[in-house]
Amino acid sequence: MVDRQMRCVAVSRRWRDKYRAIGDDLSPGDRFPNLPERWYRNAAASLAGELDRWELETCLPPENGTVEWVKWTVQAWKTDSGIIAGLIVQVDTITEWKLFENALQLTQLAMDRAGDAVLWITLEGRLCYANDTACHLLGYSRPELLRLTIHDIDPDLPPAMWSSHCEEIRHRGSLTFESCHRHKLGTIVPVEVNVNYLEVDPIAPEDAGPVSRLREAHRQSRSSDSPRLPLLCWFARNISDRKAASSAITESRDQLEAVLNAVPGLVSWIGSDRRYLGVNQHLANAYGVPAHQFIGREVGFLQTSPEFNQFVYAFFDKADWTDSREIIADVKGEPRTYLIVAQKYLRGAAAVFVGLDITERRNMEIALRESEEHLDRRRAELETALVQLRRTQTQLVQTEKMSSLGQLVAGIAHEINNPVNFIFGNLTHARNYIEDLVGVMELYAEYYPEPISEIEEELEEMGYEFMKKDLPKMLESMKVGAERIRDVVRSLRSFTRVDEGRMKPVDIHDGLESTILIVQNRLQAKGGRSSIELVKDYADLPRVDCYPGQLNQVFMNLLTHAIDRLETAMTGENRLENPTLRVRTQLLEGDRAMISIADNGPSLSPEDCRRVFEPLLEAPTTGQGTSLGLSIAHHLIVEKHGGQIACISDPPEGVEFQIHLPIVDN
């Protein structure tokens, strides 16, 4: 209580306990010198009898680095004669409510602006929430969309199928499948759907947007007696581009298969292990064996041509990439003569063999030579010269045919490579987008490690942890599949790959920080193990010309690799007590930037350090999986950026990966 001059008349026990170090005689203005002008205007109005009671929220100056929000409730107090003698001032701390309010707004914004379409659906199929992406994907406004049911937007889920579909989702907990959604204009959009079954407590206020709509739908549903709200959380991703890319690859593969089947000869693909990788239809028909039965079988299993078997073994033993030879093969019980032309691909790990039937020409030559033996010597000499000329001409013609065929196959292989490169480009962007989104959520978790219960329930309902783990795996799986297609066709054409992206100057530290944020949750204590200490030592680096997305991928692979090593070292008998991850940058002589990512886990042998970047090699550093990520990092640094990457391990100092990138003055 204060008088009209704002002098303190009386204080409550809680006020005295909280502000006793200041003194009871201080006025609110003395205790809080940064009060806004509005506070004093309201106080003057109350003392003048113009304002009976008022409330105001203010932010107090930070103490010990902490900002405190308070709510002022002020009213006038009067004497027995009814004269206003002063004010009664009440202060309530509302910091936690303010944090909750900001967090709720951030969560709602993240859901509304999610990259995938998000729908909340009741068990009866009614929509009770739709984010901005869903409205854009289907062409409806939000009010229009919330008046529809799932049957209106998904023609593959009519009411007759919905009950069994819901029961399957409820039994499994979550389900992923491909479907199609109908746009407002009637067009069909192919989507990949991930749906989760949830039962939530309706503890939000009555006007809490989607939750209130869900509560109303729950009241109208058959399960309204249940204290919990059943809910299907529906995530739909537009896969039109993926479908188009898959169709293009299939079409290109069919075109290549049609061309090879049209070749008037026997075509086979054989690996360096001397086993068939495939054959064309002409070869399969010649031996009466289905084409798929050749795959994986060893050369010579039909026992029709020892000469061909010898040629295959000799060709793989030589360093030459091309060779040709005439051989005799038994086809349907009849010996036939073939001109075999061989070409290696896949860095010599496989080869294609094309055999053209020259039996008729060979028989004609033999018959001609036999008839000429009965003629005189001069005629025999001339005929022999003519036969030799014809033989040379035949070989030149066949060589030209093979050259044209090689150009045709290389052109088609180039067309196959284009959609594969398109997939690679989209995968890189998709990974960056996902890393950015996950980085934002991890940053929020870092600054607010103890969210309120409603936020925890919301994260659990939306399946955040599942999405965070599943999306990179899905992209990595797509990338591995595309790489395999690219490797198959790479040896069939000869051209220089042009990267569609462009290098630009970026701050290396920004990429490191964003990547560290993504893996931040793996550094925290969990599962009975201690947390991993992160030590950063950044030098003053200029901007470096690079492909930012690819460089971030390298950082991610190296950081994940180091964390995997530390997690493994913290289990078993000889547990690592103080796991530490160090990230360091340095400017070296010769205009080079050095980035170091090191851990204090078990050291490696020199042989393991030398082989750590080999693709598909079982990782000696973690004891699980393969070192594919390190191989990709090596490829991106050395081949894409013209830099260097090295693995260093000096017992007992753990393992350090050093990246050296050139700095180019612009």
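Strands S10 and S11 pair in the antiparallel sense over three bridges, where two strands are taken to pair if DSSP finds at least two bridges between them. Helices (H or I, at least four residues) and strands (E, at least two) are DSSP runs, numbered from the N terminus. The two strands S10 and S11 form a hairpin with four residues between them, and Arg274 in the turn has a positive phi of about 65°. Within this pairing, Ser268 stands opposite Val279 in S11. The model is a predicted one, in which local features need pLDDT of at least 70 and side-chain atom pairs count only at pLDDT 80 or more, whereas totals for chains, interfaces and linings use all residues. Residues are numbered from 1 along each chain as its sequence is written, and side-chain values use heavy atoms, with hydrogens and water left out.

Opposite Val267 stands Val354 in S14, and Phe353 is the bridge partner of Ser268 in S14. Six of the six residues of S10 are buried, buried meaning under 20% relative accessible area, exposed over 50%, and partly exposed in between (1.4 Å probe, protein chains only). Both faces of S10 are covered: Leu266, Ser268 and Ile270 lie on one side, with Val267, Trp269 and Gly271 on the other.

Met6, a residue other than glycine, has a phi near 65° and is found in the loop between strand S1 (2-3) and helix H1 (13-19). Gln303, likewise not a glycine, has a positive phi of about 55°. Gln303 lies in the loop between helix H11 (281-287) and helix H12 (306-317) and is exposed, with a relative accessible area of 72%.

The structure holds 24 salt bridges, a salt bridge being a side-chain nitrogen of Lys or Arg within 4 Å of a carboxyl oxygen of Asp or Glu. One of these joins the side chains of Arg431 and Glu476 (3.1 Å, N to O). This pair links distant parts of the chain, with Arg431 in helix H14 (residues 377-447) and Glu476 in helix H16 (residues 464-490), 45 residues apart. Arg431 is buried, at 17% relative accessible area, whereas Glu476 is partly exposed, at 25%. A further salt bridge is formed by the side chains of Asp564 and Arg522 (2.6 Å, N to O). Because Asp564 lies in helix H19 (residues 548-569) and Arg522 in helix H18 (residues 520-523), the pair ties together parts that are 42 residues apart in sequence.

The side chains of Arg53 and Glu55 likewise meet in a salt bridge (3.4 Å, N to O). Arg53 is partly exposed at 45% relative accessibility, and Glu55 is partly exposed with a relative accessible area of 39%.

A nonpolar surface patch of about 400 Å² is made by Leu99, Leu443, Tyr447 and Tyr448. Patches are made of residues with over 30% relative accessible area and no salt bridge, like charges being joined within 9 Å and nonpolar side chains (Val, Leu, Ile, Met, Phe, Trp, Tyr) within 5 Å. Accessible areas come from the Shrake-Rupley method with a 1.4 Å probe, and for residues only the protein chains shown count as cover. Leu99 is found in helix H4 (residues 95-112) and counts as partly exposed because its relative accessibility is 39%.
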